[in-house]
Amino acid sequence: MRCRDCESHLTDGREAVLGESLKRELAAHLEKCPACRALRDDLKRLRASAPGLAAPPLPAALERRVRAFCHDEIGKLERQTEERRKRPALPAFFWPAFGALVALTAATILPGLKDLFLDGEWTSRTTLALVFVVQNVLTLLFAPVILLRRLDSGSLCRE
Ligand SMILES: [Zn+2]
């Protein structure tokens, strides 16, 4: 569970009616996230200090409309998820482009490695090959970190 989901569950005041698996996820997140724990404690104190300010019951017609709206939204999300699942994970041009990049990388690196290991010389091609390798290693190491930070931006804390 991410912080923004946890905040949403905590602030809507309906933790008691969450399903068992969501309750377990929420408890596990609260166990490890001090920011969300602090939010939960603040909300508890706030609710305890102003018990008369609880929300009035919804009129039945409004509740039916809200439930119907939510049902429609959930249906839309499920259809979108299903469509996304049907789409191929990689675009059609991926493998030809990947093959071309591998060939280009090999063509760039191999002469430099040949200079170093077979001829025993350190040439500018060797330097270029090593720069290429280091650059690719750094990209592979940091791409997941950057992607995860972008996904979780906008919440109060990081997991
Ligand atoms: Zn959190």
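Q: How many buried residues are there among the 16 residues of α3?
A: This is a predicted model, so keep that in mind throughout. Helix α3 is hardly covered. Among its 16 residues, the count of buried ones is one.

Q: What distance separates the end C-alpha atoms of helix α3?
A: Helix α3 takes in residues 34-49, and at 1.5 Å a residue its 16 residues should span 22 Å. The model agrees with that expectation, because the end C-alpha atoms sit apart by 22 Å.

Q: Is cysteine 33 buried or exposed?
A: You'll find cysteine 33 in the loop between α2 (20-32) and α3. Cysteine 33 has 21 of them, so the residue counts as buried.

Q: How far apart in space are cysteine 33 and threonine 126?
A: Along the sequence, cysteine 33 and threonine 126 are 93 residues apart. In space, going C-alpha to C-alpha, the gap between cysteine 33 and threonine 126 is 47 Å.

Q: Which elements make up the protein, and in what order do they run?
A: Take the tally to begin with: the protein has six helices and zero strands. Reading from the N terminus, the order is α-α-α-α-α-α.

Q: What is the radius of gyration of the protein?
A: A compact globule of 159 residues would come out near 15 Å. The box filled by the C-alpha atoms, taken along the principal axes, is roughly 85 × 35 × 25 Å. As for burial, 4% of the 159 residues count as buried. The radius of gyration of the protein itself is 27 Å.

Q: How far apart are the C-alpha centres of domain 1 and domain 2?
A: The protein is divided into domain 1 (1-55), domain 2 (60-87) and domain 3 (94-152). For domain 1 and domain 2, the distance between C-alpha centres is 24 Å.

Q: Where does α5 bend?
A: Helix α5 covers residues 94-117 and reaches 33 Å from its first C-alpha to its last, close to the 34 Å expected. Still, the helix bends by about 25°, and proline 111 follows within four residues of the bend. The bend in α5 is at isoleucine 109.

Q: Why does α5 lie largely in the open?
A: Helix α5 has 24 residues to look at. It lies largely in the open because, of those residues, the number buried is one.

Q: Which residues does phenylalanine 132 touch, leaving out those up to four places away in sequence?
A: Phenylalanine 132 lies in helix α6. With 15 C-beta neighbours inside 10 Å, this residue counts as partly exposed. Its C-alpha is 12 Å from that of leucine 113, which is 19 residues away in sequence. The residues that phenylalanine 132 touches are Thr105, Thr108 and Ile109.

Q: In which helix is confidence highest?
A: Across the protein the pLDDT averages 84, and 92% of the residues score at least 70. Confidence is lowest in helix α6 (residues 124-152), at a mean of 83. The highest mean is 91, in helix α4.

Note on methods. Residues are numbered from 1 along each chain as its sequence is written. This is a predicted model: local features need pLDDT of at least 70, side-chain atom pairs count only at pLDDT 80 or more; totals for chains, interfaces and linings use all residues. Domain bounds come from an automatic or database domain assignment. Helices (H or I, at least four residues) and strands (E, at least two) are DSSP runs, numbered from the N terminus. The expected span of a helix is 1.5 Å times one less than its number of residues. The bend at a residue is the angle between axes fitted to the seven residues ending there and the seven starting there. A residue is buried if 20 or more other C-beta atoms lie within 10 Å of its own, exposed if 12 or fewer, and partly exposed in between; C-beta atoms are placed from the backbone. The radius of gyration is taken over C-alpha atoms; the globule rule is 2.2 Å times the number of residues to the power 0.38. pLDDT is the predictor's confidence in each residue, from 0 to 100. Two residues are in contact if their C-beta atoms, placed from the backbone, lie within 7 Å.
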